[in-house]
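Hello,

Here is the structure we talked about. Please look it over; my notes follow below.

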Amino acid sequence: MFKRVALRLAVLTGLMLGSPAMAHENHEELGAGPGPVVEQNVAATEKAEAVEMHSEMATAHGEAMGQHMEAAEENKTFAQRLLSWLGRLHSLVVHFPIAMFLGALGVELFGLWKGRRNYERAAQVMLVVGAIGAVAAAFLGWFAGGFYLTDRNTVLMAHRWLGTAIAVAGLLLLYLSVTARRAPDKPRRVYWALLGAVTVAIAIQGWMGGTFMHGGVDHLAF
């Protein structure tokens, strides 16, 4: 039984760290870093090229991609391997702050509906985990996308800085939650506004992150 569980966990970890990691492996392909701005349009030919490229990447996800990654890894120094590995963890860690911040909002709303403030303690615990996770995800995201202040890919640049802003806002949100418990009679308008803004920002951030995994900004086109 234990061997089966361990095997399933290993497969799950491989899936989580495998294909997303490849999307963050090559900073040049991501459009990371400064350089000439490439005009982005929605011409039919460009859409066809994007679909074809995405299909080719999915087809090459198997043995050919594995061989390519192995060959590239052999030429890397220990420091380069470490930086690459840290960047791959971004796709794993990022799920924790998403769940915790949304959970904190849900618990707070439920407590507001019930008229009981004891739910604030549970929300605060979620904010602790969410804030730590957001800082870790933002930190690892810089390894994944490279340490650049600007990027040729405008979506990547927005994703980079919005993620950093969410991490900072998460820490501020946690601070407001702690201070609110010390003064329970004071209104929490700033706290509620920031919690709502962080929730919206996380939704936008998740959508932009998905553009790197599923073929560009049109991956949700109907």
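Glu 120 is buried, because its relative accessible area is 8% and the cut-off is under 20%. Note that the model is predicted.

Glu 120 has two salt-bridge partners worth a look. One is Arg 117, with the closest N and O atoms 2.5 Å apart. Arg 117 is partly exposed, at 37% relative accessible area. The other is Arg 188, at 3.4 Å from N to O. That pair links distant parts of the chain, 68 residues apart. Arg 188 sits in the loop between α9 (154-182) and α10, while Glu 120 belongs to helix α8. Arg 188 has 14% relative accessibility, so it counts as buried.

These contacts belong to a network. Glu 108, Arg 117, Glu 120 and Arg 188 are linked in it by salt bridges.

How many salt bridges does the structure hold? There are four. Among them is Asp 151 with Arg 160, where the closest N and O atoms are 2.8 Å apart. Both of these residues are buried.

Now helix α8 itself. It covers residues 119-145, which is 27 residues. From first C-alpha to last it reaches 38 Å, close to the 39 Å expected at 1.5 Å a residue. Gly 146 follows α8, and its phi is positive, near 90°.

Last, Thr 199. It lies in helix α10, residues 189-213. Its relative accessibility is 15%, so Thr 199 counts as buried. Leaving aside residues up to four places away in sequence, Thr 199 touches Leu 102 and Leu 105.

Best wishes

How values were computed:
Residues are numbered from 1 along each chain as its sequence is written. This is a predicted model: local features need pLDDT of at least 70, side-chain atom pairs count only at pLDDT 80 or more; totals for chains, interfaces and linings use all residues. Side-chain values use heavy atoms; hydrogens and water are left out. Helices (H or I, at least four residues) and strands (E, at least two) are DSSP runs, numbered from the N terminus. Buried means under 20% relative accessible area, exposed over 50%, partly exposed in between (1.4 Å probe, protein chains only). Contact means heavy atoms within 4.5 Å. The expected span of a helix is 1.5 Å times one less than its number of residues. A salt bridge is a side-chain nitrogen of Lys or Arg within 4 Å of a carboxyl oxygen of Asp or Glu.
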